[in-house]
Number of protein chains: 4
Amino acid sequence: MRDQWFVRGRTPMTKEEVRAVSIAKLDLTPGAVLYDVGAGTGSISIEASRQLAGGTVYAIERDPEALSLLEQNRARFGAEAVRLVPEEAPEAFAGLPAPTHAFVGGSGGRLEEILYGLREKNPRVRIVVNAAALETLGRLLAWLEKNGVEADLCALQASRGRVLGGYHLMEGMNPVYVAAFGGEERGPGL
Amino acid sequence: MRDQWFVRGRTPMTKEEVRAVSIAKLDLTPGAVLYDVGAGTGSISIEASRQLAGGTVYAIERDPEALSLLEQNRARFGAEAVRLVPEEAPEAFAGLPAPTHAFVGGSGGRLEEILYGLREKNPRVRIVVNAAALETLGRLLAWLEKNGVEADLCALQASRGRVLGGYHLMEGMNPVYVAAFGGEERGPGL
Amino acid sequence: MRDQWFVRGRTPMTKEEVRAVSIAKLDLTPGAVLYDVGAGTGSISIEASRQLAGGTVYAIERDPEALSLLEQNRARFGAEAVRLVPEEAPEAFAGLPAPTHAFVGGSGGRLEEILYGLREKNPRVRIVVNAAALETLGRLLAWLEKNGVEADLCALQASRGRVLGGYHLMEGMNPVYVAAFGGEERGPGL
Amino acid sequence: MRDQWFVRGRTPMTKEEVRAVSIAKLDLTPGAVLYDVGAGTGSISIEASRQLAGGTVYAIERDPEALSLLEQNRARFGAEAVRLVPEEAPEAFAGLPAPTHAFVGGSGGRLEEILYGLREKNPRVRIVVNAAALETLGRLLAWLEKNGVEADLCALQASRGRVLGGYHLMEGMNPVYVAAFGGEERGPGL
């Protein structure tokens, strides 16, 4: 899905290329229960909702402005599997069914609590974390080491073509780290 | 899907991050008819087949060694929507139903013919092309300009974490250009 | 040298990281005669002038606004080895001594003429070309192939840290191709 | 200077593009006293030595195999300004003159001690650190914050052209973070 399809405002949005890779690394399955933590404009929730036939996405977001955009985008795309949870994580997890998958795009400085909270709800939850800030990356790596978790880690640096006077110039996007870990046994045929 | 889930041999494979972005840019729809041109190991065909409920993927590949891997991978993942077409493109298109979507990962020096061939089968086909070689990129840009087609162009440079002596080192992958163009009117709710 | 040390205006400037790599690939020698073609703000001319003891840089630039910036920057840094040539390349080469080195940062659509012009002045000139536009890259590769020249080619994608609310975010710069070719026999001890 | 000009063995070497940017960020001055900490093959020492007229480079390296390569490379390039210091940093600093500049390419797990040691020798030393490992980057950022130092930080991701069957393929290099901080007041004309 194109970034420009979404209503955006000033809320940061996971960019298209990073969104595609992050959703792919979730390994969504039919009937999945996905938490989108720090859902922002809802781009991850909405794009992911198309790949979890019969499942549900809980878009967890505390910021009122982002929630308004999220609601608009959900309506715009008719994304009925996406449910808004207007609370802060990890407290927001309390009333929700256990997740099979979770995407953490924003953690408001509470990354460790969120990760522990997710694993408390389901020790085998599949988690994908995006880190744009180096400090978030550092905290994530420390958490992974402390908990003996080996993650699949990649960094994505995209650039996008822009036509200017008949020339294609590539514009650099901001690099983002994508870490994925946990989840049920998976692989060929699963 | 992880790269290591596929049987590979020496056949080049679209890498995981590029695969995710390329499939996302296809904007697959339920019932889609997807041509995977230069299907190689079949990683695109197989991962895409999970997102086109009721549709079909034609994995077009001329190389016998690649075809053998493709067959193994199809069986491994139980990807029943993937059909092997052991011919060279664009001749291979002749006996197939018109595509709604096409991915061109390899063109064997016949990129222009392949693009014309796809549009002949369906003028509104959605096409995604990967270009790793600068010469392929140049030919693609020339074709787009000649045919007055404006493409969505991005370049992806991923790196992957590797743990060595307790340190995470990032290993650079080869950059790939991804161009997407054509397709039915699309956007919110479509 | 830092980008912010230069007076800039709206004239495009070779960015610091690309400038460092481009100058390094010139393999400047004491007494070098360097042409800086499409000198813009003069950042290459000025930084390079510090590495060619006793040599001269001819900063060739046709745009009056850029020339004014160039003059200001030359004065600011006391770069006496830099001489302004307010003409268009390759015509500007006519009255100048033969170059031992040349940097082509801008070619105003006349890349091939410029490259031929440089080699006419000195068949063994060391040339470094920057290409931000894909079309420029394509023309460069075509020229290299036509003339049987094998170049050292690299692409640079830098990102720069920015501190925001106590977090380091990396901002992607635009990728640039750097090609280097020709020059006297060089290597260890030369 | 090209990577292939150096004798290498299995000792890791700062790659050409990263070397050029790192040396540029050192802002070397005539008569500089440069410490190259974890000098490895000596590529930084040797290339930098050409830019510090009348100055000296102390190539500090504890590994015997690397020292042997360093000695070979120094001889090969006739780099008389480079002096080998076969000890471990920061102890190696004890007998040396105070540095005006320092490059830290390898720290053997003792990054903080090395940085403190450098500033003890000269509180205004200009320091450039390379970090390939995310853990090294994390420790560097923590040290900078603890000491109230604001650094110029960039990440470099280069790729290099390789010709295969008439096509130019770009091969991704490993990304490296380059941080620069400290140093005398500098800028235009200095």
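What do the buried residues of H5(A) pack against? The first legend answers this for the predicted model shown here.

**View 1. Helix H5 of chain A and its surroundings.** The buried residues of H5(A) pack against helix H4 (111-121), strand E5 (126-131) and strand E8 (176-182) of chain A. They also pack against strand E7 (167-172) of chain B, strand E7 (167-172) of chain C and helix H5 (134-146) of chain D. Helices (H or I, at least four residues) and strands (E, at least two) are DSSP runs, numbered from the N terminus. H5(A) covers residues 134-146, 13 residues in total. From its first C-alpha to its last it reaches 18 Å, close to the 18 Å expected at 1.5 Å a residue. That expected span is 1.5 Å times one less than the number of residues. Leu134(A), Thr136(A), Leu137(A), Leu140(A) and Leu141(A) are the buried residues. Seen down the helix axis, the buried residues of H5(A) fall within an arc of 155°, so they line one face of the helix. The arc is that of the directions from the helix axis to the C-beta atoms. Just after H5(A), Gly148(A) takes a positive phi of about 60°.

Residues are numbered from 1 along each chain as its sequence is written, while chains are lettered from A and ligands numbered from 1 in the order in which they are written. In this predicted model, local features need pLDDT of at least 70 and side-chain atom pairs count only at pLDDT 80 or more, while totals for chains, interfaces and linings use all residues.

**View 2. The contact between chains A and B.** Here 24 residues of chain A are in contact with 24 residues of chain B. Two residues are in contact if their C-beta atoms, placed from the backbone, lie within 7 Å. On the chain A side, the elements giving two or more residues are helix H1 (16-26), helix H3 (64-77), strand E6 (152-164) and strand E7 (167-172). E6(A) gives the most, with nine residues. By class, this side has 13 nonpolar, eight polar and three charged residues. Ala, Val, Leu, Ile, Met, Phe, Trp, Tyr, Cys and Pro count as nonpolar, Asp, Glu, Lys and Arg as charged, and the others, Gly among them, as polar. E6(A) and E6(B) pair in the antiparallel sense over seven bridges. Strands pair if DSSP finds at least two bridges between them. Cys154(A) stands opposite Arg160(B).

**View 3. Parallel strands in chain B.** Four of the five residues of E2(B) (56-60) are buried, so this strand is largely enclosed by the rest of the structure. A residue is buried if 20 or more other C-beta atoms lie within 10 Å of its own, exposed if 12 or fewer, and partly exposed in between; C-beta atoms are placed from the backbone. Five bridges join E1(B) (33-37) to E2(B) in parallel. Val33(B) has Thr56(B) as its bridge partner. E2(B) is also joined to E3(B) (82-85), in parallel, by four bridges. There, Tyr58(B) is partnered by Arg83(B).

**View 4. The contact between chains B and D.** This contact takes 15 residues from chain B and 15 residues from chain D. Helix H5 (134-146), E6 and E7 of chain B each supply at least two residues of the chain B side. E7(B) gives the most, with six residues. By class, the chain B side has eight nonpolar, five polar and two charged residues.

**View 5. Gly165 of chain C.** Gly165(C) is in the loop between E6 (152-164) and E7 of chain C. With 8 C-beta neighbours inside 10 Å, Gly165(C) counts as exposed.
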